[in-house]
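Subject: Structure handover

Hello,

Here is the structure we talked about. Please open it alongside this note, which walks through what turned up.

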Amino acid sequence: MIVRISSGIPGLDELIGNGGGSFAENTVTLIYGPPKVGKSVFSYQFAYEGLRNNEPCLYISTDYGLKDMERNIANFGWNLNEYIENENFYLIDAISTISGGEVESKPNYLLASVHNPTDIMVKLGMALRQITSKLPRFRSVLDSLTTLMAFNDEVLIVRVLTIYIMRIKESGGTAIVTYTEGSADSKVENMLKAIVDNIIHLDGENLTIEAMIGSGKVRAPYNITSKGIIVD
């Protein structure tokens, strides 16, 4: 029997799992598409849905620091403060150290650098030990692979993703990973798709399930609203 968890995206659970959830537990899903089609918004909703249901979230951000992320999430009416304070939300911030901001590490706020994928994986291990000591079920987001590939060899980042997937699954987590379509060599894109469990494509108008454990290929229109993504 496939145990599914809710995506946090209204309409998506019904589309994939007849209302019983979207993602098979302990799988990794690639969310990809052109720029500005809602990939990060999707990530925020997935993470926040877990937090609301007492599932810790380990978020690796290569595009936004904590303050920017809090502001982006607040635009949709969601507040991270409670979950940061009770240490249910863990952030590996891989951008602030190169953007010049004054930041300080905390137990659930770890600094890394997009220039150093090895250090990101070290911080991943540190955060996973803290999270799994609390609860066996958690969520994770890696947003995004695109920025990591801009600063590093693309094939190296494929290997990093492979390690990330292995560690998340070994620890019992369910994760999503974002990537901007066309930002890497087509062979690399095919490698990314080959090592994940599920694949969802966003194009700004339609959400397409290209691969999903326990579900066939399906497409539906979606909109980005003041409450996040809604699938029709």
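A definition before the details: two strands pair if DSSP finds at least two bridges between them. Please also keep in mind that this is a predicted model.

**Overall build**

The protein chain holds nine helices and twelve strands. Its radius of gyration is 16 Å, close to the 17 Å that the globule rule gives for 232 residues, so the chain is as compact as a globular protein of that length. The C-alpha trace spans about 45 × 40 × 35 Å along its principal axes. Of the 232 residues, 54% count as buried. Now take the contacts between residues at least 6 apart in sequence: 65% of these join residues at least 24 apart.

**The sheet**

Start with the open sheet. Ten strands form it, in the order β6-β5-β4-β7-β8-β3-β9-β10-β11-β12. The pairing is mixed. At the edges sit β6 (109-111) and β12 (228-231), and each of them pairs on one side only. On average, neighbouring strands are turned by 20° against each other, direction ignored.

Two helices to look at here are α3 and α6. Helix α3 (residues 66-74) packs on the sheet and touches β4 (57-61), β5 (89-93) and β6. The direction of α3 makes about 125° with that of β5. Helix α6 also packs on the sheet, where it touches β4, β5, β6 and β7 (138-143). The direction of α6 makes about 165° with that of β4.

**Strand β3**

Look next at β3 (residues 28-33). Six of its six residues are buried, so β3 is largely enclosed by the rest of the structure. In a regular strand the side chains alternate between the two faces of the sheet. In β3, V28, L30 and Y32 point one way, while T29, I31 and G33 point the other way. Both sets are buried.

Which strands does β3 pair with? One is β8 (residues 173-180), parallel to β3 and joined over six bridges. There, V177 is the bridge partner of L30. Another is β9, which also runs parallel to β3, with four bridges between them. In that pair, I31 stands opposite I200.

Strand β9 (residues 198-202) goes on to pair with β10 (residues 206-211). That pairing is antiparallel and covers four bridges. L202 stands opposite L207 of β10.

**Two helices side by side**

How do α6 (residues 117-132) and α8 (residues 154-170) lie relative to each other? Their axes come within 11 Å and cross at roughly 5°. Angles under 35 degrees count as roughly parallel, and α6 and α8 are therefore roughly parallel to each other. From α6, the contact involves P117, M121, V122, L124, G125 and L128. From α8, it involves L156, I157, V160, I163, Y164, R167 and I168. The contact residues divide into eleven nonpolar, one polar and one charged.

**One more residue**

Is D13 buried or exposed? D13 lies in helix α1 (residues 12-17). Its relative accessibility is 9%, and buried means under 20%, so D13 counts as buried. D13 and K217 are 204 residues apart along the chain, yet their C-alpha atoms are separated by 14 Å.

Over to you.

Best wishes

Methods. Residues numbered from 1 in each chain as written. Predicted model: local features only at pLDDT ≥ 70, side-chain atom pairs only at ≥ 80, totals over all residues. Heavy atoms only, no water. Axes fitted to C-alpha atoms, helices over the stretch in contact; angles between N-to-C directions. Parallel < 35°, antiparallel > 145°, perpendicular 65-115°, else oblique. Contact = heavy atoms within 4.5 Å. Nonpolar A, V, L, I, M, F, W, Y, C, P; charged D, E, K, R; others polar. Rg over C-alpha atoms; globule rule 2.2 N^0.38 Å. Buried < 20%, exposed > 50% of the residue type's maximum accessible area, 1.4 Å probe, protein only.
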